[in-house]
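Biologist: I'd like to learn how to read charge pairs and nonpolar cores in a model. Could you walk me through them?

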Amino acid sequence: MMASPCVSVCIQTYQHVRYIEHCLESVLMQKTDFPVEIILGEDESTDGTREICRAYAERYPETIRLFLRSEQDKIYIHGHKTGRFNFTENLKAAQGKYIALCEGDDYWTDPGKLQKQVNFLERHSDFAICFHDIEHVCETQQGHVVTASPKPVSTFEDILKGNFIYTASCTFRNKLLDRFPAWYFSVLPGDWPLHVLHAQYGKIGYLHEVMAAYRTHDGGLWSRQSRLDTLSPLICTARTIDRHFHSRYRPIMYPSIWNWERERIELLIHERRFDQAEQHSRRLLRENWPASPASCFMLLTTVAKIYKHRLSVTAA
């Protein structure tokens, strides 16, 4: 029987038959001086992923704890079928002092990743999260390195402005949350609010090393969405976080929300969806956001574009 794990690696997988072996092997190759468990949540794939997960669980029974989820438990968010149930149940099952994340289509590239992150968190008890740089691997383009943060130390206030932590790079302290707030099961994406909730309890440490790869492909939930399609749930999530904290941090969050709102309006104008653009513009002008005069002027300029385009359509 395996000793009590220091780290629980939570892997969520669905329809990843081409990627899951690479993911699992990258975790199994980790060299550590502490025990590691893998919490492998398989979300009832139909492409052979489940069979691969079963085979690995049988091959590594002392390390892998396999959870076979049901299609009936999937949670729909903004009309999208998600793995949120699988993800949160994996976190609940984790027994380690720390949790590291890796989606089934991502992978780790450095066999010392876990050791380095645990060493950091062990040395710095006032930190809740540790993350690092990643390589972005796209099936249709050449990969490139993403430098996640220019700051060695980030704070709760920094993560409120927007997410800069890639899932495959993240290790955090377990048991920081007693339970997830109900709204967590109705927002997309799920990684940013998770980091926000954890960062309430400590600082965020950054290691300037590439130790994982984030993969984008046609089967990914976000990969196949347009920028406009991803902005709406992102704005909804930001507004939900603002409400969760009773708008105490609105002055910190407003520049990001304001910019995302303006970008959405501009994209709607570009797609000639003037009614929706006007609706979002009016709402933003009515709300009590602490916007600067320059920001207000930019928004009014955008509103003027709406009417200019409408006039040109009418004239035509």
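Biologist: Let's start with a charge pair. In which helix do Glu-278 and Arg-282 lie, and how many residues apart are they?

Modeller: Keep in mind that this is a predicted model. Both sit in helix α9, which covers residues 274–286, and they are four residues apart, about one turn of the helix.

Biologist: And what do Glu-278 and Arg-282 form?

Modeller: Here's the general idea: side chains of opposite charge can pair when their charged atoms come close. In this case Glu-278 and Arg-282 form a salt bridge, with the closest N and O atoms 2.9 Å apart. Glu-278 is buried, at 14% relative accessibility, while Arg-282 is partly exposed at 44%.

Biologist: How many salt bridges does a search of the whole structure find?

Modeller: The search turns up 19. Take Asp-110 and Lys-116: their closest N and O atoms are 2.7 Å apart. Asp-110 counts as buried because its relative accessibility is 15%, under the 20% cut-off. Lys-116, at 29%, is partly exposed.

Biologist: Which residue forms a salt bridge with Arg-283?

Modeller: That's Glu-287, with the closest N and O atoms 3.1 Å apart. Arg-283 is partly exposed at 33% relative accessibility, and Glu-287 is partly exposed at 23%.

Biologist: Now a loop. Where does Gly-112 lie, and is Gly-112 buried or exposed?

Modeller: Look in the loop between β7 (107–108) and α4 (113–123). Gly-112 is buried, with a relative accessible area of 17%.

Biologist: On to the nonpolar side. Which residues have the most contacts inside the largest nonpolar core?

Modeller: In soluble globular proteins, nonpolar side chains tend to be buried together. Here the largest nonpolar core has 39 residues, and Leu-91, Ile-159 and Trp-192 have the most contacts inside it. Elements that each supply at least two of its residues include α3 (84–93), β12 (203–216) and α8 (250–270). This core draws at least three residues from each of domain 1 (7–216) and domain 2 (227–314).

Biologist: What is Ile-159 in contact with, leaving aside neighbours within four places in sequence?

Modeller: Its contacts are Phe-164, Ile-165, Trp-192, His-195, Val-196, Ala-199 and Ile-204. There's also a second, separate core of 33 residues, with Cys-6, Ile-52, Tyr-98 and Ala-212 among them.

Definitions and conventions
Residues are numbered from 1 along each chain as its sequence is written. This is a predicted model: local features need pLDDT of at least 70, side-chain atom pairs count only at pLDDT 80 or more; totals for chains, interfaces and linings use all residues. Side-chain values use heavy atoms; hydrogens and water are left out. A salt bridge is a side-chain nitrogen of Lys or Arg within 4 Å of a carboxyl oxygen of Asp or Glu. Buried means under 20% relative accessible area, exposed over 50%, partly exposed in between (1.4 Å probe, protein chains only). A nonpolar core is a set of buried Ala, Val, Leu, Ile, Met, Phe, Trp, Tyr and Cys residues joined through side-chain atoms within 4.5 Å. Domain bounds come from an automatic or database domain assignment. Contact means heavy atoms within 4.5 Å.
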